[in-house]
Amino acid sequence: MALHVPKAPGFAQMLKEGARHFSGLEEAVFRNITACKQFADTVRTAYGPNGMNKIIINHIEKLFVTNDAATIIKELEVEHPAAKIIILASQMQEQEVGDGTNFIIILAGALLHEAEDMLRMGLTPTEIALGYELAVEKALEILPTLTCYEVKDFRNKNEVLKGIKTAIMSKQYGNEDMLSNLIADACISILPEDGSFNVDNVRICKILGSGLSSSVVVHGMVFKKNVEGVVTKKTPAKVAVFTCPIDVATTETTGTVLIKTADELMNFSRGEENLLEEQIKALKDAGVDVVVSGAKFGDLALHYMNKYDMMAVRLQSKFDVRRVSRTVNATALPKLICPNKEEIGYADCVYIDELGDTPVVVFKQEGADTRVSTIVIRGATDNYMDDIERAIDDGVNTFKGITKDGRFVPGAGAVEIELAHRIAQYGDSLPGLEQYAVKKFATALEWFVKTLAENTGVKAKEVISKLYAVHNEGKTNFGFDIENEDCNIIDAAEAGIIDLFVTKYWGLKYATQAACTVLQVDQIILAKRAGGPKPPQNAMDDD
């Protein structure tokens with residue numbers, strides 16, 4: 001008879017074999033803080049124009065070379081629950097604003113780093129979290145008073161350029177002028193009258209070869225495809241979009257046909273051919289010049305399309321079919337029937353071009369009717385073009401932010417130092433233990449200037465003391481100058497280094513919430529892992 005061995009007393013006896021449990025300051029709180037600090041230190045070196053790149057090889061062995069924090073956290077499969085909380089906060093920032101993910105990770109890491117010292121001094125996590133919440137309330141109250149620039153006319157390219165440039169500069173320092181021009185052209189051309197901008201309407205097409213300076217904006221859609229038939233250009237073009245194959249229709253039910261003579265056999269196949277020709281001739285009579293299909297074109301259908309001088313374009317992605325419909329303002333039809341006037345789209349020009357040795361089909365749309373614009377990126381390697389795409393994505397999201405709230409605050413660490421300066425003064429006025437946490441919040445804000453200085457190779461303490469000196473004199477727009485090694489400080493607003501107000505606003509909010517959530521965890525309970533393979537990830541492309 002086997003002896004029953006009782007489990008260890010305490011919480012563990014309630015859990016399955018293989019479950020793990022950590023509790024208390026040493027096991028839970030400090031362990032969480034250490035994990036978050038290490039994670040923040042990983043992406044901190046990628047912050048700013050002089051930030052270093054990371055090479056990431058994901059689970060399917062795809063290579064990424066980037067300093068974009070959103071991509072880094074997306075491709076790293078972080079398992080630590082506390083680090084995941086910060087990742088969720090930065091992903092929420094990516095959805096809300098589209099930029100500033102690194103800001104959240106660095107600030108949350110800095111707040112937890114400062115909290116560790118206070119915990120060792122004897123403060124409780126609740127007192128620290130309360131102090132941080134008071135500090136962020138004060139910071140969000142001060143932030144609107146620090147705005148230095150506002151975009152009022154979203155269609156004014158010069159105004160918009162000034163706002164987009166800083167977002168590009170932090171990712172692609174040196175290429176910001178050219179990329180900002182491309183983004184401003186692409187975004188302004190498709191901005192609706194009501195101002196409701198959709199980032200999905202700015203598409204990116206990456207074509208290997210040449211250099212970044214050869215990148216262009218096309219008002220319309222560009223696909224790395226060739227046409228199916230022999231017709232390669234239509235100006236202007238009426239476009240019909242189908243999701244079904246353009247081929248001889250097959251019946252849904254199976255049947256048997258008894259053919260007795262050779263004439264009956266000839267007439268049977270001729271009937272199908274005549275029907276297909278009538279369908280394509282009906283399209284031509286309706287004025288259709290270009291037929292786009294999400295499925296295959298049959299050989300016989302192509303013969304008739306060439307006969308009636310119509311262009312055939314096949315797109316394999318249903319999302320591309322949907323985007324073409326949006327570009328030319330057509331209705332995607334599920335059956336090969338003649339569309340009416342409302343269902344036919346219009347493009348100024350549909351033509352085939354060749355960039356490098358890559359054939360592309362261009363649906364060009366000029367004037368006020370432009371609904372989609374495409375930025376064609378050229379570059380020497382796929383990794384380089386991927387990084388340019390991420391920078392453009394940040395610029396497009398900045399434009400979307402401008403259409404919602406056109407206010408900007410000074411960049412280059414100026415707004416963080418000013419907030420730190422004022423929050424430290426606010427901390428001195430508080431009577432309770434919260435004042436320690438409020439002052440530490442101010443110290444955490446200094447980490448941004450410290451990070452910019454360290455990534456540039458300058459002594460951080462000297463830069464911070466210089467900035468505090470000028471901010472004491474009331475010069476609130478002064479930040480760190482990465483180019484001038486002698487002076488180190490610059491008027492960020494005058495130099496055009498400005499950050500979107502909403503990026504800072506939500507960044508402060510989310511980072512503080514994430515840090516407070518991690519601090520208020522006193523137990524980590526890990527259930528026993530389920531066996532078997534992992535469930536498949538949903539890889540569906542969101543339109």
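Hi everyone, let me start inside the protein: the lining of the second largest cavity divides into 5 nonpolar residues, no polar ones and 2 charged ones. Before I go on, please keep in mind that this is a predicted model.

Which residues are they? F103, L143, V415, E416, L419, K504 and L508 line that second largest cavity. Helix α12, residues 414-428, gives the most to this lining, with 3 residues. Both α12 and α16, the latter covering 501-519, supply at least two lining residues each. The space in the second largest cavity comes to about 30 Å³.

Now, how many cavities of 30 Å³ or more does a search of the whole structure find? The search returns 2. For the largest cavity, the volume is about 40 Å³. Its lining is made up of K37, A40, D41, R44, I106, G109, A110, H113 and W447. Two elements give two or more residues to that lining, namely α1 (24-44) and α4 (101-121). By class, the largest cavity is lined by 4 nonpolar, 2 polar and 3 charged residues.

Why can we call β16 largely enclosed by the rest of the structure? Because 7 of its 7 residues, 373-379, are buried. Have a look at the side chains in your viewer: S373, I375, I377 and G379 point one way from β16, while T374, V376 and R378 point the other way, and all of them are buried.

What does β16 pair with? Strand β5, residues 202-208, runs parallel to β16, with 7 bridges between them. Strand β6, residues 216-218, pairs with β16 in the antiparallel sense over 3 bridges. There, V217 stands opposite I375 of β16. So that we have a reference point for the word: buried means under 20% relative accessible area.

C244 has a relative accessibility of 11%, so C244 counts as buried. C349 has a relative accessible area of 12%, and so C349 is buried too. And how many disulfides does the structure hold? The count is 0. As a reminder, a disulfide is a covalent bond between the sulfur atoms of two cysteines.

Conventions: Residues numbered from 1 in each chain as written. Predicted model: local features only at pLDDT ≥ 70, side-chain atom pairs only at ≥ 80, totals over all residues. Heavy atoms only, no water. Buried < 20%, exposed > 50% of the residue type's maximum accessible area, 1.4 Å probe, protein only. Helix = DSSP H or I, 4+ residues; strand = E, 2+ residues; numbered from the N terminus. Pairing = 2+ DSSP bridges. Disulfide = S-S within 2.5 Å. 1 Å grid on protein atoms, 1.4 Å probe; cavity = no way out; pocket = protein on both sides within 12 Å on 5 of 7 lines; lining within 4 Å. Points joined across faces, edges and corners; volume = space filled by probe spheres on them. Nonpolar A, V, L, I, M, F, W, Y, C, P; charged D, E, K, R; others polar.
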